[in-house]
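Here is a structure to read with some care, one term at a time. The questions below ask what each description rests on.

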Amino acid sequence: MLELLILLMIKHAVADLLLQTIRPPADKTDYFNRGLHWHSFDHSILTLIVLIHFVDWDIAIALALADYIIHLHIDFIKSTICARINITRQDVNYWRIQTLDQIAHYLTYYGIVYVVQYLHT
């Protein structure tokens, strides 16, 4: 299961860092913003690609959908908090909130690994 966790961390870096550089910036404070959903969809598709090597398709699709929903909400909440307290990337508090955002994403991957491991026992 360590391999799964490592692959999910790599997929996170690709979706959160690389793929966001090729898309227009998204207004993640708008729950219905197309960019926010595309970003969450990127995470979901990459999670699906990783998971098909570890579980059956139905489980992979369910966990990828869960990743989509969770990622969307984590990013929306982070962005909304930053907007409401009027902080930008230049503020130290932004990076503190960003730290919590990343921890929440990593805990999502821990949860996915936990479910996969549970299904394999």
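Q: What makes the contact between D42 and R23 a salt bridge?
A: The side chains of D42 and R23 meet at 2.7 Å, N to O, and a salt bridge is defined as a side-chain nitrogen of Lys or Arg within 4 Å of a carboxyl oxygen of Asp or Glu, so the pair qualifies. This pair links distant parts of the chain, with D42 in helix α2 (residues 34-51) and R23 in the loop between α1 and α2, 19 residues apart. In general, side chains of opposite charge can pair when their charged atoms come close. The model is a predicted one, in which local features need pLDDT of at least 70 and side-chain atom pairs count only at pLDDT 80 or more, while totals for chains, interfaces and linings use all residues. Residues are numbered from 1 along each chain as its sequence is written, and side-chain values use heavy atoms, with hydrogens and water left out.

Q: Why is D42 called buried, and why is R23 called partly exposed?
A: Buried means under 20% relative accessible area, exposed means over 50%, and partly exposed lies in between, with a 1.4 Å probe and protein chains only. D42 has a relative accessible area of 9% and therefore counts as buried, whereas R23, at 32%, counts as partly exposed.

Q: How many salt bridges does a search of the whole structure find?
A: The search finds 3 salt bridges, and one of them joins the side chains of D67 and K11 at 3.0 Å, N to O. D67 lies in helix α3 (residues 57-84) and K11 in helix α1 (residues 2-18), so this pair ties together parts that are 56 residues apart in sequence. Both D67 and K11 are buried.

Q: What makes the pair K28 and D75 a salt bridge, and why are its residues called buried?
A: The side chains of K28 and D75 meet at 3.3 Å, N to O, which is within the limit for a salt bridge. K28 is in the loop between α1 and α2 and D75 is in helix α3, 47 residues apart, so that the pair links distant parts of the chain. K28 counts as buried because its relative accessibility is 13%, and D75 is buried because its relative accessible area is 2%.

Q: Why is α2 called roughly antiparallel to α3?
A: Helices here are DSSP runs of H or I with at least four residues, numbered from the N terminus. α2 and α3 pack at an angle of about 150°, with their axes 8 Å apart. Angles over 145 degrees count as roughly antiparallel, so α2 is roughly antiparallel to α3.

Q: How do you know that α3 and α4 are roughly antiparallel to each other?
A: The angle between α3 and α4 is about 165°, and their axes are 10 Å apart; the two helices are therefore roughly antiparallel to each other.

Q: Why is L107 called exposed, and where does it lie?
A: L107 has 54% relative accessibility and so counts as exposed, and it lies in helix α4 (residues 92-119).

Technical notes: Axes fitted to C-alpha atoms, helices over the stretch in contact; angles between N-to-C directions. Parallel < 35°, antiparallel > 145°, perpendicular 65-115°, else oblique.
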